[in-house]
Amino acid sequence: MDHDATSRPVPAAVPVAVVGAGTMGAGIAQVAATAGHHVVLVDAVPGAAGAALERLRAVLRRQVDKGRMTDAEATAVVARIEPAGSVDGLPEVGLVVEAVPEDLTLKQGLLAGVAAGQPPTTLLATNTSSLDITAIAAAVPAPERVLGLHFFNPPPLMRLVEVVHGAATAEAPLARATALMRAWGKTPVRCTSTPGFIVNRVARPFYGEAQRVVQEGIADPATVDWILREKCGFRMGPFELTDLIGQDVNYAVGASVWEQTGHDPRYAPTEFQRALVASGRLGRKSGEGVFSYAAEPAAARPDPDLVLAERLGSGPVEADPLARTVAMLVNEAVDLVHRGEASAADVDTAMRLGVNYPRGPVEWGRQIGFDVVAEQLAALDRAHPGGRYRPSPALTDGSLT
Ligand SMILES: NC(=O)c1ccc[n+]([C@@H]2O[C@H](COP(=O)([O-])OP(=O)(O)OC[C@H]3O[C@@H](n4cnc5c(N)ncnc54)[C@H](O)[C@@H]3O)[C@@H](O)[C@H]2O)c1
């Protein structure tokens, strides 16, 4: 491969193709067009790409009405997007981003087909949330230019993009993609194709510890949410957040990480969430989840037990929802760094921008003291043996201090 050609940033004039005009694809097309690219937006469903463009036109019209952009700017963005019904006949582009449904065979076939009509310098990106980039690239000619560009929803508003490399991805295409994301106004972070990448991996204990605290009868969900919001600075507690995301969606992400890590006990799903999903209590979208939403707007949320919250905060770590959660988040974050899957700075940036954490978990661990976190995990491990609470070697080997 021509190293120099792949190291050059993709100039704004180079056309981009986005395949899949659903939630993510339409948003990514908007971001690329706003950055000045001509964008071919492809969707296999007849009329879907055109409909996405119409929705964008309406969104931008409202932006113009609110004075956030000029009429000329809005018109120019829409004019740069060309809807298409198929990737057949796609012109040469500098970057393809696929955002079709989460199915390995579908994504492999699509990128392999697209690759056949593009020069070897074209970057081929997948927006997959959970599939292995190495596995997707394996089916594609010149897999060194296949990488993950994991945008967050909604792409025009969320600054974070995880730039993910598989085993075959070369450095030059990664550097080009990273520079391009910066040119699009995004904050790129780099990571390997580890299950869950950074955000969906490190965030697991935020949900899992809360569910275990409730399962163990330590506190009720409203009190756990209150502690994590009010005492810890998270924007939402884990139960109200999973009710918003959808208990089924959150369960599936966790189960996927658990499967892909060979059933590592750190990610084992809880009976608490399994029961919610099995009974159809999926959260806001089903009217009932951990909390009830039937009486909207005056949704009946139980009051937190503030006396209990204070007592738990001064007790042992095993019964302290805040200390347990933070210790596990720190452990997960430093372990990712320890395995060489992402840098400490990128992990912290990803968690602050991707899920609005009040602090980056590596920095948080440094403030608490990695030795203190290791002691907390050791106490949790004695109380709940089995490997879930095993401390990362990075907490005690001095590599992060
Ligand atoms: N929704 C999210 O919050 C989110 C966030 C990050 C990443 N992702 C990932 O982004 C991808 C897309 O997710 P989404 O939520 O936008 O899905 P979506 O269902 O909203 O959109 C997918 C679109 O792809 C089209 N499509 C299906 N097969 C096609 C084909 N062969 N060629 C062209 N178009 C085809 C569908 O018609 C549909 O419009 C998935 O891999 C998902 O895991 C989703």
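Across the interface of domain 1 and domain 2, there are 3 residue pairs in polar contact, counting pairs where both residues are at pLDDT 80 or more. That pLDDT condition applies since this is a predicted model. Salt bridges between domain 1 and domain 2 number 0.

On the domain 1 side, the part that touches domain 2 draws most on strand S8, residues 187-192, which gives 5 residues. Sorted by class, that side of domain 1 has 5 nonpolar, 3 polar and 2 charged residues.

Now the domains themselves. Domain 1 covers 3-193 and domain 2 covers 201-395. Their contact takes 10 residues from domain 1 and 10 residues from domain 2. The C-alpha centres of the two domains lie 32 Å apart.

How much area is buried between domain 1 and domain 2? About 820 Å², and carbon and sulfur atoms give 61% of that. Three residues stand out on the domain 1 side: Leu160, Val189 and Thr192 supply 42% of the area that domain 1 buries against domain 2, more than any other three residues.

Glu171 pairs with Arg190, and their closest N and O atoms are 2.7 Å apart. Glu171 lies in helix H7, residues 171-183, and Arg190 lies in strand S8, so this pair ties together parts that are 19 residues apart in sequence. For the whole structure, the search finds 20 salt bridges.

Next, the ligand. Which residues come nearest to the ligand? There are 22 residues around it, and of these Met24, Asp43, Glu102, Lys107 and Ser129 come nearest. For three of those names I have distances to ligand oxygen atoms. Met24 uses its backbone: an N or O atom there lies 2.8 Å from an oxygen atom of the ligand. Asp43 uses its side chain, with a polar atom 2.6 Å from an oxygen atom of the ligand. Ser129 also has a side-chain N or O atom in the list, 2.8 Å from an oxygen atom of the ligand.

Last, two points of backbone geometry. Most residues other than glycine have a negative phi, and most peptide bonds are trans. Here are two places to look at with that in mind.

The peptide bond from Asn153 to Pro154 is cis, with omega near 0°. Where is Pro154? Pro154 sits in the loop between strand S6, residues 146-151, and strand S7, residues 160-165.

The other place is Ala142, whose phi is near 55°, a positive value in a residue other than glycine. Ala142 is in the loop that runs between helix H6, residues 133-137, and strand S6.

Note on methods: Residues are numbered from 1 along each chain as its sequence is written. This is a predicted model: local features need pLDDT of at least 70, side-chain atom pairs count only at pLDDT 80 or more; totals for chains, interfaces and linings use all residues. Side-chain values use heavy atoms; hydrogens and water are left out. Domain bounds come from an automatic or database domain assignment. Contact means heavy atoms within 4.5 Å. Buried area is the accessible area (1.4 Å probe) that two parts lose on being put together, summed over both. A salt bridge is a side-chain nitrogen of Lys or Arg within 4 Å of a carboxyl oxygen of Asp or Glu. A polar contact is a pair of N or O atoms within 3.5 Å; within protein, one must be able to donate a hydrogen and the other to accept it, and residues adjacent in sequence count only if both atoms are side-chain atoms. Helices (H or I, at least four residues) and strands (E, at least two) are DSSP runs, numbered from the N terminus. Ala, Val, Leu, Ile, Met, Phe, Trp, Tyr, Cys and Pro count as nonpolar, Asp, Glu, Lys and Arg as charged, and the others, Gly among them, as polar. A residue is near a molecule or strand if one of its heavy atoms lies within 4 Å of it.
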